[in-house]
Structure formats: structure tokens, C-alpha cells
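Dear colleague,

I am handing over the structure below, and I would be grateful if you could look through it before reading my notes. The notes after it go from single contacts to the chain as a whole.

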Amino acid sequence: MFEFCADPDVLRTFQWLSCYLTTGKHMGFYWSFLTVLTLLAITAPLALSFGFGGAMAARSKIAPLSWFGKGYIAIVRGVPDIAFFLFFVIALDQGIEYLRHQIKCPDWPDAIRQGNDFIVCTAAKMPLGNAPQWVHETYGFFIAVFTFAIVFGAFAANVLFGAMKAVPKPQIETAHAYGMNTRQTFWRIVVPQMWVYALPGLGNLWMVLIKATPLLFLLGVEDIVYWARELGATKTPQFTSYPHGDWRMWYFLALLVFYLAFTRVSEIVLDRTMRRLTRGQATAGGEAQRKVAG
């Protein structure tokens, strides 16, 4: 062992790797994992909120509200995710700049649309051209978060809408018989019980959301896919102090391990949550638990 550690070639290799793996770009690569986790931590509850609102709108007895909820679910679910991401991010960004342009530069003489170009005054840029780099990155990140929430909120709305309808009608009728109004029945009977029906679909949606995080790369955010491709590509001595061949396979292998580990942890948490929710419930899961306990 000591002879192995004292081998000059091994020591040089270890020293080279220790320096290579602690460069500034690699620090960016490591931080990008936190970017993905932050995206998930913000997007999941936000998408669930959009989904809950969409499901409530879809089941509303007010026709325009119901049309809006069902239209939101149908339109967003019917468009390929990547097409919606690329379209919505551009549309949202230009919409924000257009409103800022109307407020800050009302006397602008030229047209905003000039052929294929979208041109607004400097003061209307979002963010401003002289803003620090972290402002640009934060703005792009939250645009991406909002886009993810809109897309996955539509899928969550469809799941929750079905879960609300799956709550046994006799329980709702019993609540009305005890004098509860529609609002009380919804919040005290439907909402607490719908989660056991919604969790399988929401669990699948969570897994899809995890796998969709590499789309951040397409939205201009420097995520783990961006850094894996950047760092793994062939480097020559002319441009770097740490030349190497095509190492992308190893970087993407690290991403594979990360996503597999993360999804496995998610499966364990979802399974335990389902067992807790089905305890005592008149569902297949609850019946299975009662048989095991018996």
C-alpha cells in the first residue's frame, strides 16, 4: 500500500486530478446540482398550486371558469413540452419587455416589431444590460421555474380533477345530510380524501419533473447538463491548463448516478407517504394494509 502511494506516477495523477476537479468551472458544475434541486423545491409546490387552482376551476359550476380550467388542462397537455418551453419563455420575456417599454418609453418613435426583430428601448430591457451577471442568471432561472410550473401544473390539475371525482359520492351526500354546505363539504370531505387517489399520479408527475430538469439547458440556464457537456468535451493545451480527451461519457455517467439515486429516494418517500395516507382508508391500499395487520 505504501509503495503504491509512493509511486511518483500515481502521486502526479492524484495531484493533477485534485487540481483539475477543484477549478472554478468545476465549482460551477457542483453548484449546478444545487440549481436543479432548487428548481425542484420551488417548482413542485408552485405547480401543485397551479394544478389545484386548475382542478377547482375545471369542476366549477360557473361555465366560463370551467371552460378556462378545462382549456388550460387540454391545451398545455396537448403541446409537446419542449415546444411549449421554447415558445412560452420567449413569449413571456418579450411580453414583460413590451409592458416595460410602454411604461418607460411612451414616446418611442419606432415600431417594436421590425421584421423578425423585437426591439425595445434600453430602459425596458429585462434585466437591464448593465445589470450584474447574477441578475441575468436569476431572472432566467425564475422564468424557467414559472414555465415548468405552468406545464406541470396542467398535468397536476388533470390528476387532482380526477382525484376529486374519485371521492365516494355517498360520503359527500352524507356530509350534505348533516347540514354541510358545498364549500364545507369540499374542504372537509373532498380535499382531505382526494390525496390518496391523487398521490400515484402526482408521484409519477414528480418523477417526470425530475427527468425534465435537463430542459433547463435549452432555456439558457447553466445546469448540470450544460456543465457536463462543457467540461467533458475535448480540451487542448492551447486553451486550458488541464488538457484531456473526450470525457463526456464520464460526466454524463455521473449525472446518470445522480438521477438514479434521486429517483430511488423519491420512490421510498412516495411509498411511505402512500402507506400513511391509505391507513384506515376505504381504498385498495388501505384494504391491503388491514389484511397484513390481521
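A salt bridge is here a side-chain nitrogen of Lys or Arg within 4 Å of a carboxyl oxygen of Asp or Glu. Please bear in mind that this is a predicted model, in which local features need pLDDT of at least 70 and side-chain atom pairs count only at pLDDT 80 or more, while totals for chains, interfaces and linings use all residues. Residues are numbered from 1 along each chain as its sequence is written, and side-chain values use heavy atoms, with hydrogens and water left out.

Salt bridges

The structure holds four salt bridges. One of them joins the side chains of Glu267 and Arg264, with 3.1 Å from N to O; these two residues are three apart in helix H10 and so separated by about one helical turn (helices, H or I of at least four residues, and strands, E of at least two, are DSSP runs numbered from the N terminus). Another brings together Arg275 and Asp271 at 2.3 Å, N to O, and both of these lie in helix H10, four residues apart. Lys25 forms a salt bridge with Glu230, where the closest N and O atoms are 3.4 Å apart. That pair links distant parts of the chain, since Lys25 belongs to helix H3 and Glu230 to helix H9 (residues 224-232), 205 residues apart. Lys25 has a relative accessible area of 44% and is therefore partly exposed (buried means under 20% relative accessible area, exposed over 50%, and partly exposed in between, with a 1.4 Å probe and protein chains only).

Aromatic pairs

A search of the whole structure finds 15 aromatic pairs, where rings of Phe, Tyr and Trp (its six-membered ring) pair if their centres lie within 6.5 Å, and planes under 30 degrees apart count as stacked, over 60 as edge-to-face and the rest as tilted. The rings of Phe33 and Phe258 are edge-to-face, because their centres are 4.9 Å apart and their planes stand at 80°. As Phe33 lies in helix H3 and Phe258 in helix H10 (residues 248-277), this pair ties together parts that are 225 residues apart in sequence. Both Phe33 and Phe258 are buried. Phe258 and Phe262 form a stacked pair, because their ring centres are 6.0 Å apart and their planes are at 10°. Ring pairs link these residues into a cluster whose members include Phe29, Tyr30, Trp206 and Tyr251.

A nonpolar surface patch

Leu17, Leu21, Met27, Tyr30, Trp31, Leu34 and Leu37 form a nonpolar patch on the surface, together having about 620 Å² of accessible area. Patches are made of residues with over 30% relative accessible area and no salt bridge, with like charges joined within 9 Å and nonpolar side chains (Val, Leu, Ile, Met, Phe, Trp, Tyr) within 5 Å; accessible areas come from the Shrake-Rupley method with a 1.4 Å probe, and for residues only the protein chains shown count as cover. Helix H3 (residues 24-58) gives the most to this patch, with five residues. Trp31 counts as exposed because its relative accessibility is 57%.

The whole chain

The secondary structure of the protein chain comes to eleven helices and two strands. The C-alpha trace spans about 80 × 75 × 25 Å along its principal axes, and buried residues make up 33% of the 294 residues.

With best wishes
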